[in-house]
Amino acid sequence: MSTLPPNPFDLSGHHVLVTGASSGIGAHFAGVLAQHGARVSLAARRRDRLEALADRLGQEGAEVTALAMDVTSPDSVREAFDRAEAAFGTVDLVSNNAGVADARLALEIDEEGWQQVMSTNVDGVWRVAMEAARRLVAARQPGSIVNTASILGLRPAISQSSYATSKAAVVQLTKNLALEWSRKGIRVNALCPGYFITEMNRDFLTSERGRAYLATTPAQRAGELPELDAALLLLLSDAGRFINGVALPIDGAHSLGNM
Ligand SMILES: NC(=O)c1ccc[n+]([C@@H]2O[C@H](COP(=O)([O-])OP(=O)(O)OC[C@H]3O[C@@H](n4cnc5c(N)ncnc54)[C@H](OP(=O)(O)O)[C@@H]3O)[C@@H](O)[C@H]2O)c1
C-alpha cells in the first residue's frame, strides 16, 4: 500500500472546476481550493462576477480562469470544459456546486418551476459529472468529484418539495456514479450542507422568522462558510482517497432532528 504524501490535502498539480462559482458557497470554495494549490476554473452564468473573483484570486498568486457555463445546456458545459482544458489541461477535480432553490409550497409549484429546479440541480449536476468523467477516462487519469447536495436531500421539509427531491436525486446519483466509476479511479462524493447564509436564502434566514427557525436547530445558528472547508478538502483530495460514495452532512446536527 502506498503511503499518503506528507500533506495529502495539497492540491498542487491539480485542476479543479467549480460550478456555481459566481456567489456563495462556490465562490468561497474556489478561494479555498486556490489557497491549497489547485489551478481553478470558475464556472457560472454571471461572467462579470467570475472575472472579478478571478482577478482577486490572481492578485493573491492563484492560477484561475473564468468560464461562462450554463449547466442546463449541454453545449455550454462542453464548451466550458474545452476552454478549461485549453487553459490548464484536463480537469481532474470537480466541485459540482451550481444549484437553485424554490421555497414554494407544493401546491404552488407549476411545471416551469419544477423543471427549472430539476434541470439545474439534477440534470446539471449529472451533465457536469459526465463531461468530467468522459474526459478523465479518455485521458486515463484518476479524478474526484464532489457534488453539493443538501441536508434536504436526506430529510423532507415543508415548502421544499422540488428542491429536496432534486437534492435526494443528487445523493443517489453520487452513490451510483461512485459505484460505477470506482474502477476508473474516479471518486464521487456529496456534501450535504445545513443552512449557510448566501444569496439563495439570505432574505429568509436574516428575517425574524428565519432567525427564530435557526434558534430551534441543535447548533442554534447557521453554518459559516469556512466550516465547509475541511469536508470539501477531505472528499476532493488524496486525503480522502478511500472515501467514495458518501453523502456527508455538515450541519451542526441539524439533520438529526428531534423526536
Ligand atoms: N446556502 C445553503 O444553505 C445551502 C445548503 C445546502 C446546499 N446548498 C447548495 O449549495 C450550492 C450553492 O448554493 P449557494 O448557497 O452558494 O447559493 P447561491 O449563492 O445562490 O449560488 C448558486 C450558484 O449556482 C449558480 N447557478 C445557478 N443556476 C445555474 C446554471 N443554470 N448554470 C450555472 N450556474 C448556475 C449561480 O451562478 P449564476 O447565477 O451566475 O449562473 C451561483 O453561482 C447549491 O447547489 C445549493 O443548493 C446551499
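A residue counts as buried here if 20 or more other C-beta atoms lie within 10 Å of its own, as exposed if there are 12 or fewer, and as partly exposed in between, with C-beta atoms placed from the backbone. Keep that in mind as we walk through the structure, which is a predicted model: local features need pLDDT of at least 70, side-chain atom pairs count only at pLDDT 80 or more, and totals for chains, interfaces and linings use all residues. Residues are numbered from 1 along each chain as its sequence is written.

Let's begin with the whole protein. It has eight helices and seven strands, where helices (H or I, at least four residues) and strands (E, at least two) are DSSP runs numbered from the N terminus. The radius of gyration is 18 Å, close to the 18 Å that the globule rule gives for 259 residues, so the protein is as compact as a globular protein of that length. That radius is taken over C-alpha atoms, and the rule is 2.2 Å times the number of residues to the power 0.38. Along the principal axes, the C-alpha atoms fill a box of roughly 45 × 40 × 40 Å. Buried residues make up 42% of the 259 residues. Among contacts with a separation of 6 or more, 71% come from residues 24 or more positions apart; two residues are in contact if their C-beta atoms, placed from the backbone, lie within 7 Å.

Now look at helix 1 (24-35). Its 12 residues reach 17 Å from the first C-alpha to the last, close to the 16 Å expected at 1.5 Å a residue; the expected span is 1.5 Å times one less than the number of residues. Helix 1 is mostly covered, with 10 of its 12 residues buried: Ile25, Gly26, Ala27, His28, Phe29, Ala30, Gly31, Val32, Leu33 and Ala34. Just after the helix, Gly37 takes a positive phi of about 100°.

Next comes strand 2 (residues 39-44), where six of six residues are buried. Both faces are covered, with Arg39, Ser41 and Ala43 on one side and Val40, Leu42 and Ala44 on the other. Strand 2 runs parallel to strand 1 (residues 15-19), and five bridges join them; strands pair if DSSP finds at least two bridges between them. Within this pairing, Val16 stands opposite Val40.

Of the 29 residues around the ligand, Gly20, Gly24, Arg45, Arg46 and Gly99 come nearest; a residue is near if its C-beta atom, placed from the backbone, lies within 6 Å. The shell divides into 10 nonpolar, 15 polar and four charged residues. Here Ala, Val, Leu, Ile, Met, Phe, Trp, Tyr, Cys and Pro count as nonpolar, Asp, Glu, Lys and Arg as charged, and the others, Gly among them, as polar.

Finally, follow helix 5 (residues 161-181): its 21 residues should span 30 Å at 1.5 Å a residue, and its end C-alpha atoms are 30 Å apart, which agrees. Its buried residues, including Tyr163, Val170, Leu177 and Trp181, pack against helix 4 (111-139), strand 5 (143-148), strand 6 (186-193) and strand 7 (247-250). Ala168 also belongs to helix 5, but this residue is partly exposed because 19 other C-beta atoms lie within 10 Å.
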